[in-house]
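My entries follow in the order in which I made them.

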Amino acid sequence: MIRYLRLLLYLFLLVGLGFIAASLYSPPVPMPSPQPPPLTGTVDRIVIEKAARRMQLIQDGQVVRTYRIALGFAPEGAKERQGDGKTPEGEFTIDRRNSESAFHLSVGLDYLRPADRARAAKGGYSPGGDIFIHGQPNALPEGFKLRGDWTAGCIALTNAEMREVWAVTPIGTKVEIRP
């Protein structure tokens with residue numbers, strides 16, 4: 001009888017050690033992070049830091065949201081011409097909203113200042129235009145996100161993030177794009 005109890009004890013000990021070993025070597029399970037409270041009202045300003053691939057919404061002088069972004073496919077430096085894949089730098093204003101965009105919602109920036117037009121006219125090339133903050137391509141299923149910098153010069157977010165930005169950024173919102 002003692003022999004069976006000893007065998008049973010060893011068996012439980014072995015199973016227990018197996019569970020401990022398995023927990024040490026199994027991949028971690030991502031824990032859902034707490035959702036931030038919903039934004040209310042409108043934001044005063046958007047700050048985009050190209051080098052950090054970060055966009056922040058500012059409300060009453062406080063950062064209320066921070067997003068990871070994708071930029072143009074060649075983002076270093078300021079936009080000079082159409083097709084260069086660069087995201088412009090400077091101070092802009094949201095001047096249009098498009099719910100029927102080829103991307104999930106978009107808010108347009110007033111890129112193409114007189115200086116941009118003059119530089120392009122002098123150089124004999126198109127300065128480009130149509131710079132937007134937008135979601136993912138409409139052809140992409142909900143919940144998916146393209147990797148890396150892939151736009152033609154725009155700023156891209158996930159669709160869920162873009163819905164949040166859309167709700168709090170009226171025409172006239174200031175946007176600063178830093179190198």
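**Salt bridges.** I count a salt bridge where a side-chain nitrogen of Lys or Arg lies within 4 Å of a carboxyl oxygen of Asp or Glu. With that criterion I searched the whole structure and got 15 salt bridges. The model is a predicted one, so I note its limits: local features need pLDDT of at least 70, side-chain atom pairs count only at pLDDT 80 or more, and totals for chains, interfaces and linings use all residues. Residues are numbered from 1 along each chain as its sequence is written, and side-chain values use heavy atoms, with hydrogens and water left out.

**Chain overview.** I listed helices (H or I, at least four residues) and strands (E, at least two) as DSSP runs, numbered from the N terminus. The protein chain has three helices and eight strands. Read from the N terminus, the order is α-β-β-β-β-β-α-β-β-α-β. I then took burial, with buried meaning under 20% relative accessible area, exposed over 50%, and partly exposed in between (1.4 Å probe, protein chains only). Of the 179 residues in the protein chain, 36% are buried. For contacts I used heavy atoms within 4.5 Å. Among contacts between residues at least 6 apart in sequence, 56% join residues at least 24 apart.

**Sheet.** I called two strands paired if DSSP finds at least two bridges between them. Which order do the eight strands take in the sheet? I read β3-β2-β1-β8-β4-β5-β6-β7, an open sheet with mixed pairing. Strands β3 and β7 are at the edges with a single partner strand each, so one side of each has no neighbour in the sheet.

Next I went through some of the pairings. Strand β4 (residues 90–98) runs antiparallel to β8 (residues 174–178), with four bridges between them. Threonine 93 has lysine 174 in β8 as its bridge partner. Strand β4 is also antiparallel to β5, again through four bridges. There, arginine 97 has valine 107 of β5 as bridge partner. Strands β5 and β6 are antiparallel as well, joined by three bridges. Glycine 108 is bridged to phenylalanine 132 in β6.

I checked both faces of β5. In a regular strand the side chains alternate between the two faces of the sheet. Ser106 and Gly108 are on one side of β5, Val107 and Leu109 on the other, and all are buried.

**Helix α3.** Which residues of α3 (residues 159–168) are buried? I found Asn159, Met162, Val165 and Val168. An α-helix has 3.6 residues a turn, so residues three or four places apart point the same way. The buried residues of α3 pack against β2 (54–59), β3 (62–68), β5 (106–109) and β6 (132–134).

**Histidine 104.** This residue is in the loop between β4 and β5. Buried or partly exposed? Histidine 104 is buried, at 19% relative accessibility. Leaving aside neighbours within four places in sequence, I listed its contacts as His134, Gly135, Gln136, Asn138, Asn159, Met162 and Arg163. I also looked for polar contacts, meaning a pair of N or O atoms within 3.5 Å; within protein, one must be able to donate a hydrogen and the other to accept it, and residues adjacent in sequence count only if both atoms are side-chain atoms. The side chain of histidine 104 makes one with the side chain of arginine 163, at 3.1 Å.

**Individual salt bridges.** Arginine 163 also forms a salt bridge with glutamate 142, at 3.1 Å from N to O. Arginine 163 is in helix α3 and glutamate 142 in the loop between β6 and β7, so the pair ties together parts 21 residues apart in sequence. Arginine 163 is partly exposed, at 37% relative accessibility.

Arginine 53 and aspartate 149 meet in a salt bridge at 2.7 Å, N to O. This pair links distant parts of the chain, 96 residues apart: arginine 53 is in the loop between β1 (45–49) and β2, and aspartate 149 in the loop between β6 and β7 (155–156). Arginine 53 is buried at 17%, whereas aspartate 149 is partly exposed at 24%.

Last, I took arginine 178 and glutamate 176, whose closest N and O atoms are 3.0 Å apart in a salt bridge. Arginine 178 is partly exposed at 35%, and glutamate 176 is buried at 17%. Both belong to a network of salt bridges that links Arg45, Glu49, Arg54, Glu91, Glu176 and Arg178.
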